Amino acid sequence: MENHLRELRENRGITQEDLAARVGVSRQTIISLEKGKYNPSIFLAFKLAREFGLPIEEVFIYCEEEK
Amino acid sequence: MSNKLGTKLSWGIVLVLLALGITQIYVGNTGLGTGLTAGVLGASAGRYIKGQKIKKLQAQGLNPYDERAYYIAGKSAYATLSAAVVISALFVLIGSIVGPQLTVNLYNFLGICLAIMIFIYIGFYYYYNRVM
């Protein structure tokens, strides 16, 4: 699953620490998500989408072929 | 159970297991003693390091909750199981071909196998934690 986390975060001028604190996870989790090395739980995905004020499908992109 | 009681209880178990391991080495069950001691030391060192890391993050005002933890633990467990199967298969294969007759204490042997598996698991956990 791909995502637009990094560009959304950078466009809003939020640091990884701030975003992590807002959604209640570690900075390491945000780093892995931005690198695309970890797919978040559905709860975290909704929290992140809500944080950016966007629908979940505009933050995370479903790919047929999983890496 | 409160957190403090849980911590005391787990450290108590660690000390008892460590004492058992050292006693086994002392009485001559080297394999079992070494396996038990190494396993306990490895597991408690990992737990201690994790605890210190959480305290450090909390002191910095950062959230220590890493959502990836269960995912990484699952991947590490699977990798450890795969490694154990491959190593065991090679051991049996080579042993069957060469055919040396070994006289080993079953419990010592299992103790060493357990310690090796714990170290392999810890290694995989740190590897996946680093690369993800």
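Reply: Helices (H or I, at least four residues) and strands (E, at least two) are taken here as DSSP runs, numbered from the N terminus. Residues are numbered from 1 along each chain as its sequence is written, while chains are lettered from A and ligands numbered from 1 in the order in which they are written. This is a predicted model, in which local features need pLDDT of at least 70 and side-chain atom pairs count only at pLDDT 80 or more, whereas totals for chains, interfaces and linings use all residues. The model scores ipTM 0.73 and pTM 0.71.

Chain A contains 5 helices and 2 strands, arranged from the N terminus as β-α-α-α-α-α-β. With a radius of gyration (over C-alpha atoms) of 11 Å, close to the 11 Å that the globule rule (2.2 Å times the number of residues to the power 0.38) gives for 67 residues, chain A is as compact as a globular protein of that length. Along the principal axes, its C-alpha atoms fill a box of roughly 30 × 25 × 20 Å. Of the 67 residues in chain A, 24% are buried, that is, 20 or more other C-beta atoms, placed from the backbone, lie within 10 Å of their own.

In soluble globular proteins, nonpolar side chains tend to be buried together. Setting aside residues up to four places away in sequence, Leu19(A) touches Arg9(A), Ile14(A), Ile30(A) and Glu51(A), a contact being a pair of C-beta atoms within 7 Å.

Helix 3 of chain A buries Arg27(A), Gln28(A), Thr29(A), Ile30(A), Ser32(A) and Leu33(A). These buried residues pack against strand 1 (2–3), helix 1 (5–11) and helix 2 of chain A. Just after helix 3 of chain A, Gly36(A) adopts a positive phi of about 75°. Among contacts in chain A between residues at least 6 apart in sequence, 53% join residues at least 24 apart.

The setting is provided by chain B, which has 4 helices and 0 strands. The radius of gyration of chain B is 18 Å, well over the 14 Å that the globule rule gives for 132 residues, so chain B is more spread out than a compact globule. Its C-alpha atoms fill a box of roughly 60 × 35 × 20 Å along the principal axes, and 15% of its 132 residues count as buried. Chain B averages a pLDDT (the predictor's confidence in each residue, from 0 to 100) of 85.

Where the two chains meet, 15 residues of chain A are in contact with 10 residues of chain B. The side of chain B that touches chain A comprises 6 nonpolar, 1 polar and 3 charged residues, where Ala, Val, Leu, Ile, Met, Phe, Trp, Tyr, Cys and Pro count as nonpolar, Asp, Glu, Lys and Arg as charged, and the others, Gly among them, as polar.

Conventions:
Buried ≥ 20, exposed ≤ 12 C-beta atoms within 10 Å, placed from the backbone.
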